[in-house]
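Here's a quick briefing to read alongside the coordinates.

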Protein chains: 2
Amino acid sequence: MPIEDEQARFLRCIGEPTRLQILKLLAESEKCVGEIVEALNREQSLVSHHLRALKECNIVVARQEAQKIYYGLADLRLSELVATSESLMRELPLCQSKGACYDE
Amino acid sequence: MPIEDEQARFLRCIGEPTRLQILKLLAESEKCVGEIVEALNREQSLVSHHLRALKECNIVVARQEAQKIYYGLADLRLSELVATSESLMRELPLCQSKGACYDE
DNA sequence: AATTCATATGAATGGAGGTTCATATGCCTA
DNA sequence: TAGGCATATGAACCTCCATTCATATGAATT
């Protein structure tokens, strides 16, 4: 199977709202599961499932400390990828011509 | 809804194998539907559906010339995004430690 | 106007994956 | 070793979407 299959898997792993929020959190600093759960206000099992997906794609690395497990970005360039994709999306042609889009 | 929803939509639009192939083709130069169909050896309707998706995300722009419709990248930085995401994926930690992965 | 070429559209199907619920694992303290 | 805290796992459900098939639109040529 061509490289595009793996690349698509990689991009889709990043391209999920909750996981994007997690990645933006981890771009600040590594965090344990409980901190992520609190910050996103989502179910613990949901966060855990997403962290598993990110880990399987090697986007995130885990470090255990007592009961807690700290997650961090596997590579600093991942936060750049997230940031540049966001700014690029905002600047796309039709977006400019139609005024305000992608409001927060 | 937060910006992450739109960003996820944008990244998932790029993160599909067939669409990635299309984007890499269009990174060379703009092409009409028939050329893309021939290059990818996929059904015409499938390519058309994917071009529609890319266009709705403003990733691609269309230009009509007689019966043919030429598609091109909406922004040159999109090909950079595709390329950097591929090289970044290849370099991720576990990938290095486990030897060859993402073979073509 | 009819036919052909180029592309788009719509419905139907099948599969992948996000979310929730319930439960399991594992580490720590008393 | 019991109990509680932190995280992971599995199944079930449901939605989204990639693909195919059949058909429609539209432009060019005769």
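What follows covers the sheets, the helix packing and the salt bridges.

Keep in mind that this is a predicted model. In chain A, three strands make an open, antiparallel sheet ordered E1-E3-E2, and chain B has an open sheet of three strands in the order E1-E3-E2, also with antiparallel pairing. A search of the whole structure turns up 18 salt bridges over all chains.

**Sheet in chain A**

- Start with the order of the strands, which is E1-E3-E2 in this open sheet of chain A. The edges belong to E1 and E2 of chain A, each of which pairs on one side only.
- Strand E1 (residues 31-32) of chain A is joined to E3(A) by two bridges, in the antiparallel sense. Look for Cys32(A) here, as it sits opposite Tyr70(A) in E3(A).
- On the other pairing, strand E2 (residues 60-65) and strand E3 (residues 68-73) of chain A go antiparallel over six bridges.
- E2(A) and E3(A) make a hairpin, with two residues between the strands.

**Sheet in chain B**

- The open sheet of chain B has the strand order E1-E3-E2. Its edge strands are E1 (31-32) and E2 (60-65) of chain B, and each pairs on one side only.
- E2(B) and strand E3 (residues 68-73) of chain B run antiparallel and are joined by six bridges.
- If you want a residue pair to check, Ala62(B) has Tyr71(B) as its bridge partner in E3(B).

**Helices H2 and H3 in chain A**

- A pair of packed helices is described by the angle between their axes plus the distance between those axes.
- For helix H2 (residues 17-28) and helix H3 (residues 33-40) of chain A, the axes come within 11 Å and cross at roughly 120°. That angle makes H2(A) oblique to H3(A).
- The crossing of H2(A) and H3(A) is right-handed.
- From H2(A), the contact is made by Thr18(A), Gln21(A), Ile22(A), Leu25(A) and Leu26(A), while H3(A) brings in Ile36(A), Ala39(A) and Leu40(A). Sorted by class, the contact of H2(A) with H3(A) has six nonpolar, two polar and no charged residues.

- Helix H2 (residues 17-28) and helix H3 (residues 33-40) of chain B have axes that come within 11 Å and cross at roughly 120°. H2(B) and H3(B) are therefore oblique to each other.
- The crossing of H2(B) and H3(B) is right-handed.
- On the H2(B) side you'll find Thr18(B), Gln21(B), Ile22(B), Leu25(B) and Leu26(B), and these meet Ile36(B), Ala39(B) and Leu40(B) in H3(B). The contact of H2(B) with H3(B) splits into six nonpolar, two polar and no charged residues.
- H2(B) also packs with helix H4 (residues 44-56) of chain B, at an angle of about 75° and with the axes 10 Å apart. H2(B) and H4(B) are therefore roughly perpendicular to each other.
- In this packing, Thr18(B), Arg19(B), Ile22(B) and Leu23(B) of H2(B) meet Val47(B), His50(B), Leu51(B), Ala53(B) and Leu54(B) of H4(B). By class, the contact of H2(B) with H4(B) has six nonpolar, two polar and one charged.

**Salt bridges**

- Side chains of opposite charge can pair when their charged atoms come close.
- How many salt bridges does the search of the whole structure find over all chains? The count is 18.
- Glu91(A) and Arg77(B) meet through their side chains in a salt bridge, at 2.8 Å from N to O.
- This pair crosses between chains, going from Glu91(A) in helix H5 (residues 77-91) of chain A to Arg77(B) in helix H5 (residues 77-91) of chain B.

Notes:
Residues numbered from 1 in each chain as written. Chains lettered and ligands numbered in written order. Predicted model: local features only at pLDDT ≥ 70, side-chain atom pairs only at ≥ 80, totals over all residues. Heavy atoms only, no water. Pairing = 2+ DSSP bridges. Helix = DSSP H or I, 4+ residues; strand = E, 2+ residues; numbered from the N terminus. Axes fitted to C-alpha atoms, helices over the stretch in contact; angles between N-to-C directions. Parallel < 35°, antiparallel > 145°, perpendicular 65-115°, else oblique. Left-handed = near helix turned anticlockwise from the far one by under 90°. Contact = heavy atoms within 4.5 Å. Nonpolar A, V, L, I, M, F, W, Y, C, P; charged D, E, K, R; others polar. Salt bridge = Lys/Arg side-chain N within 4 Å of Asp/Glu carboxyl O.
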